[in-house]
Amino acid sequence: MRLLFGTAGTPLSSRGTDSISGIRRVHELGLGCMELEFVRGVKMGEKTARAVYDAAKQLDIRLSVHAPYYINLNAEGETLAASKERIMNSARIGAICGAKSVVIHAGFIQKHPRGAVYERIKKAIIDIREKLESESVDITLRIETMGRGSQFGSLEEALAITEVDGVLPCIDFSHLHAVSGKNNSRDEFASILARVEEKLGQKGLDDMHLHVSGIEYSDKGEKNHLVFAESDFKYKELAQAFADFDIGGMVICESPNLEEDALVLKREYDGVVGNIS
Ligand SMILES: [Zn+2]
């Protein structure tokens with residue numbers, strides 16, 4: 001399968017709450033991938049990570065990792081050092097799990113000019129890449145498009161920072177909708193994918209990492225995630241756009257009902273492209 005659908009963390013219907021139970025459940029549900037949620041800290045040890053690798057490999061489930069929320073690369077001193085360390089630990093453990101990508105909320109704009117923030121975050125990302133390379137940790141860093149203007153991660157920023165080797169975007173379509181109230185139609189989704197193609201070429205479309213969920217928002221942007229049925233998010237049109245661009249990669253569902261909406265979106269997509277399931 002070219003485009004895989006899966007859950008942000010262990011599906012709710014899993015037998016246990018651990019990652020291996022999650023991988024098994026993802027497989028049973030007919031989904032293809034899962035994001036390991038290190039969002040409250042990297043608590044997984046190397047031994048568990050090796051067992052996760054084995055389970056995912058055996059069942060052919062592709063993995064990614066979400067780095068901790070407590071990260072701000074637009075910082076100095078201790079905060080910056082701790083933020084880098086959290087990303088590196090996510091990458092180290094993620095790589096042992098066999099994950100291909102680490103998703104990162106890069107930081108906050110605070111009162112700084114956006115251009116200066118970009119340069120600062122870029123420098124921090126370059127430092128992290130160099131460190132990871134020196135340790136032979138092979139994993140892609142994915143800067144996520146964020147749901148509030150106060151956060152680093154506009155579509156432009158997430159694409160621009162791919163000038164650093166080993167960095168690609170995580171396109172969160174629900175965030176891009178929430179931040180402006182726009183980006184919620186087949187045409188708008190298509191123009192986002194066209195921007196990716198313009199910046200990263202066919203390779204970029206072949207290797208996408210996407211987040212999707214229902215979402216509630218105000219004029220300040222994202223408020224919280226919702227299930228598709230209770231939100232205005234046009235997931236059917238998004239599935240159309242995925243098919244129109246024949247994208248490949250991973251689609252991670254972050255709706256509160258995780259696997260249910262992941263399956264809703266997958267079925268929609270399969271229907272559009274004529275996959276028989
Ligand atoms: Zn995220």
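This is a predicted model: local features need pLDDT of at least 70, side-chain atom pairs count only at pLDDT 80 or more; totals for chains, interfaces and linings use all residues.

Reader: OK, and which helix is Ala 160 in?

Author: Ala 160 belongs to helix α5, which covers residues 155-160.

Reader: What does Ala 160 touch, leaving aside neighbours within four places in sequence?

Author: Ala 160 is in contact with Tyr 118 and Lys 199. For Tyr 118, the C-alpha separation from Ala 160 is 9.1 Å, and the two sit 42 residues apart along the chain.

Reader: Switching to the metal. What are the protein donors of the zinc ion?

Author: His 66 and His 105 each give NE2, and Glu 144 is listed with two OE donors. They lie 2.1 to 2.7 Å from the zinc ion.

Reader: Why is the arrangement around the zinc ion irregular?

Author: Because the four donor atoms subtend angles of 53 to 149 degrees, while tetrahedral would need all angles between 85 and 135 degrees. For reference, ideal angles for four tetrahedral donors are 109.5 degrees.

Reader: How are the zinc donor residues spaced in sequence?

Author: The pattern is H-x38-H-x38-E. His 66 is in strand β3 and Glu 144 in strand β5, so that pair ties together parts 78 residues apart in sequence.

Reader: Is His 66 buried or exposed? And what about Glu 144, buried or exposed?

Author: His 66 is buried, at 1% relative accessibility. Glu 144 is buried as well, with 1% relative accessibility.

Reader: Let's do helix α3. How many residues does α3 have, and how far does it reach?

Author: α3 has 21 residues and goes 30 Å from its first C-alpha to its last, close to the 30 Å expected at 1.5 Å a residue.

Reader: Which residues of α3 are buried?

Author: The buried ones are Leu 80, Ser 83, Lys 84, Ile 87, Met 88, Ser 90, Ala 91, Arg 92, Ile 93, Gly 94 and Cys 97. A bit of helix background: with 3.6 residues a turn, residues three or four places apart point the same way.

Reader: And what covers the buried residues of α3?

Author: The cover includes strands β2, β3, β4 and β5, along with helices α2 and α4.

Reader: What follows α3?

Author: Gly 98, with a positive phi near 90 degrees.

Reader: Which residue follows α1, and what's its phi?

Author: That's Gly 30, whose phi is positive, near 80 degrees.

Reader: What do the buried residues of α1 pack against?

Author: They pack against β1, β2, α2 and β3. The buried set in α1 is Ser 19, Ile 20, Ser 21, Gly 22, Ile 23 and Val 26.

Reader: Back to backbone angles. What's phi for Asp 60, and what is it for Gln 110?

Author: Asp 60 has phi near 60 degrees, positive in a residue other than glycine. Asp 60 is in the loop between α2 and β3, and at 65% relative accessibility it counts as exposed. Gln 110 has a positive phi too, near 50 degrees. Its place is the loop between β4 and α4, and at 48% relative accessibility Gln 110 is partly exposed.

Reader: Last topic: how many disulfides does the structure hold?

Author: Zero disulfides. Cys 97 is in none, and the nearest cysteine sulfur, in Cys 33, is 15 Å away. Cys 97 is buried, with 1% relative accessibility.

Conventions: Residues are numbered from 1 along each chain as its sequence is written. Side-chain values use heavy atoms; hydrogens and water are left out. Helices (H or I, at least four residues) and strands (E, at least two) are DSSP runs, numbered from the N terminus. The expected span of a helix is 1.5 Å times one less than its number of residues. Buried means under 20% relative accessible area, exposed over 50%, partly exposed in between (1.4 Å probe, protein chains only). Contact means heavy atoms within 4.5 Å. Donors are N, O and S atoms within 2.8 Å of the metal (3.2 Å for Na, K and Ca); water is not among the atoms, so sites may look incomplete. Four donors count as tetrahedral if all angles lie between 85 and 135 degrees; four count as square planar and six as octahedral if opposite donors are over 155 degrees apart and all others between 65 and 115; anything else is irregular. A disulfide is a pair of cysteine sulfur atoms within 2.5 Å.
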